[in-house]
Amino acid sequence: MVRNEYGKIISIEQAASYITDGCSLMVGGFGGVGSPPSLLQAIIEKGVRELTLICNDTAFPHLGVGPLICEGRVKKAIVSHIGSNPIAGQRLHDGTLDVEFCPQGVLVERIRAGGAGLGGILVDIGVDHEWLAAGKQVIEVDGKRFLLELPLTADVSIVYAKKADPFGNLIYDKSARNTNPLVAMAGTITIAEVEEIVPLGALDPEAIVTPGVFVHYIVQSNGVNWKWIWEESASPNGQRKN
Amino acid sequence: MGRERIAKRAAQELMDGMVVNLGIGIPSLIPNFLGDKRIFFQAENGVLGIGKSPSKGKEDANLCNAAGYPVTVVSGASYFDSATAFAMIRKGLIDVTVLGGLQVSEKGDLANWMVPGKRVPGVGGGMELAQKTKKVIVVMSHVSKDNEPKIVSTCTLPLTARRCVNLIITDRAVIEVTDEGLLLTEVMAPYDVEDVVRYTAAPLRIAASLKRVE
């Protein structure tokens, strides 16, 4: 039995109580891979509404953050794409979902900036792009033009990790790391759902990816409760209808 | 099949030791045509060194490509967060990216992310890849479903990035984007030069060394 010596280990129900109507919610994961299944289910079951969702994408309709979109819990999504979730496309079209599109690398760097206490970042991605550059401040440095992109933070960040110790130090699992270490830094409250909680000292300090100081609460995951897209279809690796 | 043929031709552009990012759709077929070339495939979610697809039953839900499908990794692979993945891309460390396309202009402008009023999927990581990769190859059908040319003087669809495309590979032709405009270097049988010119809505120079590919 792991000692809860920092009081960070809480139940999924307790964790869900931090996510309330109208709050901004940042969720780790990329196409649903590395998103925290038990916390997302608890948020759905709790009936939270009017969320501002910040996530790499809107996942697939039945997995990751997809159900939050499909069940109309999100009023605004700040994401890099919605291509894998047709319901998000429908909701954008019929006006029940507001979407702020941000190029993927810019989005994740804005999240990093929010988590790192920066006031903004300078990027030349899309600096001459009529849609992306619209309304943004252009800053010239050494003769090069950059867009000022603003940091992103959230009331609550939820992430998925392989292991946590009671202080909240996290290690991840392969490509399920993706946006999680950045999202973990950017929450006013960060909650990590983990496969395994190990005793203090059990994680090699050299291997820790997210230092526990960024993590406020830890919950034990009940595991993935959805079917992955590749479990449902026989389509070969990476192929999707365009 | 046209898609396989395009992928096979694109695979010839990838050289041993390159770092390559593949888009979804046709580009994802390219690894089937590489022979024993050693390529380090990068994915935006945070993997460098993607290998073959796992066999059925050996999939790992926590090891996927950027499209969400299971992959394996090769010796020397690494995992990292998505910000690091885009650091590699913005710093210009990706040798080649192969992307799908809706329209490419004679100047190499690329439109591949939205059709206003119809499909608004969002740009994903396409802008960074198109703008920052050393060599951008676009693979696509030569014409749209409505038989409209996709290679045009000026893109009418919203752009992903300007002047970014180096090479276009379609089911009918291979076209280089040069400072002097588009250069037709290969024609795919059964199509001939006339077909290609007729269905390309931009000026096309014909390479002296034009190749007909059976």
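Residues are numbered from 1 along each chain as its sequence is written, while chains are lettered from A and ligands numbered from 1 in the order in which they are written. Because the model is predicted, local features need pLDDT of at least 70 and side-chain atom pairs count only at pLDDT 80 or more, whereas totals for chains, interfaces and linings use all residues.

## Chain A

Chain A has seven helices and eleven strands. Helices (H or I, at least four residues) and strands (E, at least two) are DSSP runs, numbered from the N terminus. The radius of gyration of chain A is 18 Å, close to the 18 Å that the globule rule gives for 242 residues, so chain A is as compact as a globular protein of that length. This radius is taken over C-alpha atoms, and the globule rule is 2.2 Å times the number of residues to the power 0.38. The C-alpha trace of chain A spans about 55 × 45 × 40 Å along its principal axes.

Of the 242 residues in chain A, 52% are buried. A residue is buried if 20 or more other C-beta atoms lie within 10 Å of its own, exposed if 12 or fewer, and partly exposed in between, with C-beta atoms placed from the backbone. Among the contacts in chain A with a separation of 6 or more, 73% are between residues 24 or more positions apart. Two residues are in contact if their C-beta atoms, placed from the backbone, lie within 7 Å.

Strands S1 (residues 24-27) and S2 (residues 51-54) of chain A run parallel and are joined by three bridges. Two strands pair if DSSP finds at least two bridges between them. Met26(A) has Ile54(A) in S2(A) as its bridge partner, and Ile54(A) also stands opposite Ile78(A) in S3(A). S1(A), helix H2 (residues 37-46) of chain A and S2(A) make a right-handed β-α-β unit. A crossover is right-handed if, with the strands pointing away from the viewer, the path from the first strand over the helix to the second runs clockwise.

In H4(A), the residues Ala88(A), Gly89(A) and Arg91(A) are buried. Seen down the axis of H4(A), these buried residues fall within an arc of 165 degrees, so they line one face of the helix. The arc is that of the directions from the helix axis to the C-beta atoms. The buried residues of H4(A) pack against helix H3 (66-70) of chain A. After H4(A) comes Gly95(A), with a positive phi near 85 degrees.

## Where the chains meet

In the contact between the chains, 44 residues of chain A touch 40 residues of chain B. Four helices of chain A, H4 (86-94), H5 (104-115), H6 (180-186) and H7 (229-232), are the elements that give two or more residues to the side touching chain B. The largest share of that side, five residues, comes from H5(A). By class, the side has 18 nonpolar, 19 polar and seven charged residues. Ala, Val, Leu, Ile, Met, Phe, Trp, Tyr, Cys and Pro count as nonpolar, Asp, Glu, Lys and Arg as charged, and the others, Gly among them, as polar.

## Chain B

Helix H1 (residues 2-11) of chain B has Ile6(B), Ala7(B), Arg9(B) and Ala10(B) buried. Down the axis of H1(B), its buried residues fall within an arc of 165 degrees, so they line one face of the helix. They pack against strands S5 (96-100), S8 (135-139), S10 (167-169) and S11 of chain B.

S11(B) and S12(B) form a hairpin with two residues between them. Glu186(B) in S12(B) is the bridge partner of Val174(B), and Lys211(B) in S13(B) is the bridge partner of Glu186(B). S12(B), helix H4 (residues 193-198) of chain B and S13(B) make a right-handed β-α-β unit.

Glu176(B) lies in strand S11 (residues 173-178) of chain B. With 17 C-beta neighbours inside 10 Å, Glu176(B) counts as partly exposed. Leaving out residues up to four places away in sequence, Glu176(B) touches Leu167(B), Leu183(B) and Thr185(B).

| Strand pair | Sense | Bridges |
|---|---|---|
| S2(A) and S3(A) | parallel | four |
| S6(B) and S9(B) | parallel | two |
| S11(B) and S12(B) | antiparallel | six |
| S12(B) and S13(B) | parallel | six |
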